[in-house]
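Let's walk through this structure together, one region at a time. Keep the sequence and the 3D view side by side as you read.

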Protein chains: 2
Amino acid sequence: MRKLVVIDSRDVVPLHRVSTVEAVATAVRARVLDGELGPGTQLREVALAQSYGVARHGVRAALHSLVQEGLLRHHPNRGVFVPLLTAVDVADLHTVRCAVESEAVTRLAERGEPLTGVYEAFSRLEEAVARAPWRELIMADLGIHRAVVDAVGSRRLSRVHASLIGELRLALAALREKAEKRRTMLPEHRELISTIAAGSPEKATALLRAHLDQAASDLALAVLGSPTDTLTNAG
Amino acid sequence: MRKLVVIDSRDVVPLHRVSTVEAVATAVRARVLDGELGPGTQLREVALAQSYGVARHGVRAALHSLVQEGLLRHHPNRGVFVPLLTAVDVADLHTVRCAVESEAVTRLAERGEPLTGVYEAFSRLEEAVARAPWRELIMADLGIHRAVVDAVGSRRLSRVHASLIGELRLALAALREKAEKRRTMLPEHRELISTIAAGSPEKATALLRAHLDQAASDLALAVLGSPTDTLTNAG
DNA sequence: GCTCGATGATTGTGGAACAATTCAGCAGGA
DNA sequence: TCCTGCTGAATTGTTCCACAATCATCGAGC
């Protein structure tokens, strides 16, 4: 018997107002992921504070966030730096990635969840393969994997994966285009997705792991090729 | 030709000096995990700042850390609270836990890594089963799982798992003692470990998943039994 | 060439102030 | 009775300033 209820209390939508530190964090994150701030760059607090017109505390908090996120490295009393990932880092990230994506694929195949998001991501990959530059092609690739994880519907699993991919993107800059990839990428993902849809968990995870292993070894090679210096630091 | 080098540069040990925010964070984390600060409690900045004798900024940073860690919830302009986990949260955490621990068990079984840490954890569980109270028994249980993940040797995998278990411990308070557990706990883990050591990945992960499923459903039931109120919030 | 110490830059921390927001309580009106 | 709007207190969000602590650089002196 509710009379004139304009907005039902269950309909509330967060209405994302962002705080300053969040805004700074996303801005800096974008600059790092886009490669504008290359590995080894120090992120000085005063400079950032001035450039964004915020207080130093806000910048500190934002950088602290990104450090916890794994995207930056903090050296006590020295500052925050964009890390240069080593082969060890790549292997480490690969481990976590296998964990998350294997679980996702297994669950999706077992309980035939809807894969609409995955199909959308795949069609974006189709477009990218046709005409997009290498960099966007990689992003489309990652987009599929993200969609697969998101399809599971676990907020925390998606969170872990997102942070993981973010860190991985730091190394991705070292990956140079290989024409072969442009050909194999589409059928590989098509097969993976259709195997998931067919409901064969074991086969799907096997495909996935082969795919990820390949990607990881490519990346490890690329990273080894890039300048090995003392900037690289343990997390 | 080094002359009179007292300390070789390779011998440096981090010498963990902790910053104030780190100190505050660990202090608060301990109080939350020990249940001293129950679900729904608000962590007020000024109060904490006074009680620890630090500036409000430090407290803010520390709380921010714990929020990112998943241990606390932040409501804009309202503050930071100890969350009350719902059955949904438990299921969500279970998903990630399956991902991480399955991967760990698979890898360990596949490449016969040394399991010394796991054996140590197991002997601690033996002691706990014999005479420790329920709470410590649970911690010993978690200790085994932590050791298994750590044995993989992936920093990031261990990190994810640690944060995961931390959040899970929030719900663990609702879990009441069951005498049956005290009997089944030891043989269950013994079988899991020996299967890993025997190098049978499939069987080991199957055992693990059954074990985790059981734990998750126990927890979900316990959480449903505890007071359901509006304090619970989405992450 | 090596060590040592001064110097400047940057981070780490504290203190105070104020704006912004939320919340509880209360008065007023349909 | 229920809704509305106001008001004031409490708390968070943000800024500015100050200063100690630490680190990297560089040059003097042996």
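Two residues are said to be in contact if their C-beta atoms, placed from the backbone, lie within 7 Å. By that rule, 23 residues of chain B are in contact with 24 residues of chain A. On the chain B side, the elements that contribute two or more residues are helix H3 (56–69), helix H4 (87–110) and helix H7 (155–172). H4(B) gives the largest share, nine residues. Sorted by class, this side of chain B has ten nonpolar, eight polar and five charged residues. Here Ala, Val, Leu, Ile, Met, Phe, Trp, Tyr, Cys and Pro count as nonpolar, Asp, Glu, Lys and Arg as charged, and the others, Gly among them, as polar.

Before going further, a word on how to read the model and its labels. This is a predicted model, in which local features need pLDDT of at least 70 and side-chain atom pairs count only at pLDDT 80 or more, while totals for chains, interfaces and linings use all residues. Residues are numbered from 1 along each chain as its sequence is written, and chains are lettered from A and ligands numbered from 1 in the order in which they are written. Helices (H or I, at least four residues) and strands (E, at least two) are DSSP runs, numbered from the N terminus.

How are the two chains related? Two copies of a chain are related by a rotation about an axis and a shift along it. In this model, a rotation of 180° with 0.0 Å of shift along its axis places chain B on chain A, with an RMSD of 0.1 Å. The two copies are thus related as by a two-fold rotation axis. The superposition is by least squares on the C-alpha atoms of residues with pLDDT of at least 70 in both copies. B:Ala99 is the residue of chain B that comes closest to the axis, with its C-alpha at 2.5 Å. The copies meet through the same surface, because 100% of the interface residues of chain B are also interface residues in chain A.

Now turn to chain A by itself. Its secondary structure consists of nine helices and three strands, and from the N terminus the order is α-β-α-α-β-β-α-α-α-α-α-α. Among contacts in chain A with a separation of 6 or more, 73% join residues 24 or more positions apart. Of its 235 residues, 35% count as buried. A residue is buried if 20 or more other C-beta atoms lie within 10 Å of its own, exposed if 12 or fewer, and partly exposed in between, with C-beta atoms placed from the backbone.

The three strands of chain A make an open, antiparallel sheet in the order S1-S3-S2. Strand S1 (42–43) and strand S2 (73–75) stand at the edges with a single partner strand each, so one side of each has no neighbour in the sheet. Strands pair if DSSP finds at least two bridges between them, and two bridges join S1(A) to strand S3 (residues 79–81) of chain A. Within this pairing, A:Gln42 stands opposite A:Phe81 in S3(A).

Two loops of chain A are worth a stop. A:Pro39 lies in the loop between helix H1 (20–33) and S1, and A:Pro39 counts as buried because it has 20 C-beta neighbours inside 10 Å. In the loop between S2 and S3 of chain A you will find A:Asn77. Most residues other than glycine have a negative phi. A:Asn77, however, has a positive phi, near 65°, and it is exposed, with 7 other C-beta atoms within 10 Å.

Finish with helix H8 (residues 179–198) of chain A. Its 20 residues reach 30 Å from the first C-alpha to the last, close to the 28 Å expected at 1.5 Å a residue; that expected span is 1.5 Å times one less than the number of residues. Where does H8(A) bend? The bend, of about 30°, is at A:Met185, and the proline A:Pro187 follows within four residues. Such a bend is the angle between axes fitted to the seven residues ending at a position and the seven starting there. The buried residues of H8(A) are A:Met185, A:His189, A:Leu192, A:Ile193, A:Thr195 and A:Ile196. Their cover includes helix H4 (87–110), helix H5 (116–131), helix H6 (134–152) and helix H9 (201–225) of chain A. After H8(A) comes A:Gly199, with a positive phi near 80°.
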